[in-house]
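This briefing is for a reader new to the structure. The sequence and the model are shown first, and notes grouped by topic follow.

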Amino acid sequence: MSGTFAALKISDHVYWVGAIDWALREFHGYLTSRGTTYNAYLILADKITLIDTVKAPFQDEMLSRIASVVEPSRIAYIISNHSEMDHTGCLPEMIELVKPEKVVASVMGVKALQEHFHFRHELVAVKDGESLSLGNMNLQFMETRMLHWPDSMVTYLPEERLLFSQDGFGMHLASSERFDDEISEDILFYEAAKYYANIIMPFAPVVTKALEKLQKIGWSASRIAADHGPIWRSGIAKIIDLYAKWAQRAPTKKAVILYDTMWQSTARMARAIAEGVSSGGATAKVMSLGVSHRSDVATEVLDAGALVVGSPTLNNGLFPTVADGLTYLQGLNPRHLVGAAFGSYGWSGQAVKQIENILNEMKVELVDKGINVRYVPTAENLEECVSLGRRVAEKLKEKCAQPTP
Ligand code: FEO
């Protein structure tokens, strides 16, 4: 098994033994343009311990990296911080192969693993705040329920000040570099933001509480080893601050104008609204769902204060790409947005009302009644769109002047 892939030492007794998925482009609805990594970590303590595993097709790569350091059958404990199958896909085979003394997960993690894999092997549940002795080192566990599954927990190795944060602080980024400071900051923080927007955003209140809890516990990590992407060592304070900021969702003067179009009428309206937003003193980001992926839209919405959505009416309803984009965004639960709806139609014109209904369900504060244009917008219609954009900008400026909710 050894030979092809090598482990990488990331602290005195800890090795990265994960796998790089250069070709991944889809992760449950998320466009992973730069691939990903599935990170697993090997602790060479008295009780040799594996933290998380990898997606099933990458088991050989992980085993090869482990074998470059130690015979895999010497692994005594496997810790599963998160049950999603990109981290547990090969866990059943690993248990068969290694026959560890203990497989450890949170209380909810044990249930989730049993429900996924129907193990005959007994699993050990650890509670929030519990520790596990590895002989010469210790592991401490903190539950992070709903970050981003009910089973999620993080594990701390105090002797090496290493926090194994599972999906938290991760990103989908395949690279040959393993540390944050080896990667261009533009790519690093864009991918971290994209990951937060698409995976973590629905759980913003839980993020705030988890960050407070981490501070209270007083763990002082010099490395944050997430389950995807590079290991944080230089940018720890910055990524923690960003998570706090993203979770808070303070108002900004940026409007995302999202639309698709059949014969360019809705597109022209989108551009006119953007003109109003920018002439009103705010930033406009116009995104056609015909060419923009829903997960890139979510990334733009992360630091936006307004969401303005347009659709033609097609067969009495929303244009399919708009329905897709709105369904996805609604699931991500972005808060504190203002917005509006617009669109064009031939003879029925239900799309604008349908958008407004969805925006209401998303608790988006509508700044005005939607604009619905028959067939092709006139100069007056486009002027109305400019005015709508200006009202959005005014509202954003007003919100920015108020204390943060
Ligand atoms: Fe990377 Fe939630 O799994």
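C90 has a relative accessibility of 0% and therefore counts as buried, since buried means under 20%. The model is a predicted one.

**Cysteines**

- C400 has a relative accessibility of 32% and so counts as partly exposed.
- C90, by contrast, is buried at 0%.
- The number of disulfides in the structure is zero.

**Helices α1 and α3**

- Helix α1 covers residues 59-67 and helix α3 covers residues 91-98.
- Their axes lie 11 Å apart, and the two helices pack at an angle of about 40°.
- α1 and α3 are therefore classed as oblique to each other.
- The crossing in which α1 passes α3 is right-handed.
- On the α1 side the contact involves Q59, M62, L63 and I66, and on the α3 side it involves E93, M94 and L97.
- Sorted by class, this contact of α1 with α3 holds five nonpolar residues, one polar residue and one charged residue.

**Helices α5 and α7**

- Helix α5 runs over residues 185-200, and helix α7 over residues 236-248.
- The axes of α5 and α7 come within 11 Å of each other and cross at roughly 40°.
- This pair, α5 and α7, is therefore oblique as well.
- α5 passes α7 in a crossing that is right-handed.
- From α5, the residues that make the contact are E185, F189, A192, A193, Y195, Y196 and I200.
- From α7, they are K238, I239, L242, Y243, W246 and A247.
- By class, the contact of α5 with α7 has 11 nonpolar residues and two charged ones, with no polar residues.

**Proline 312**

- P312 sits in the loop that links β19 (306-310) and β20 (313-314).
- With a relative accessible area of 3%, P312 is buried, because that value is under 20%.
- P312 and T266 are 46 residues apart along the chain, while their C-alpha atoms are separated by 6.3 Å.
- T266 is also one of the residues in contact with P312 when neighbours within four places in sequence are left aside.

Technical notes: Residues numbered from 1 in each chain as written. Predicted model: local features only at pLDDT ≥ 70, side-chain atom pairs only at ≥ 80, totals over all residues. Heavy atoms only, no water. Axes fitted to C-alpha atoms, helices over the stretch in contact; angles between N-to-C directions. Helix = DSSP H or I, 4+ residues; strand = E, 2+ residues; numbered from the N terminus. Parallel < 35°, antiparallel > 145°, perpendicular 65-115°, else oblique. Left-handed = near helix turned anticlockwise from the far one by under 90°. Contact = heavy atoms within 4.5 Å. Nonpolar A, V, L, I, M, F, W, Y, C, P; charged D, E, K, R; others polar. Disulfide = S-S within 2.5 Å. Buried < 20%, exposed > 50% of the residue type's maximum accessible area, 1.4 Å probe, protein only.
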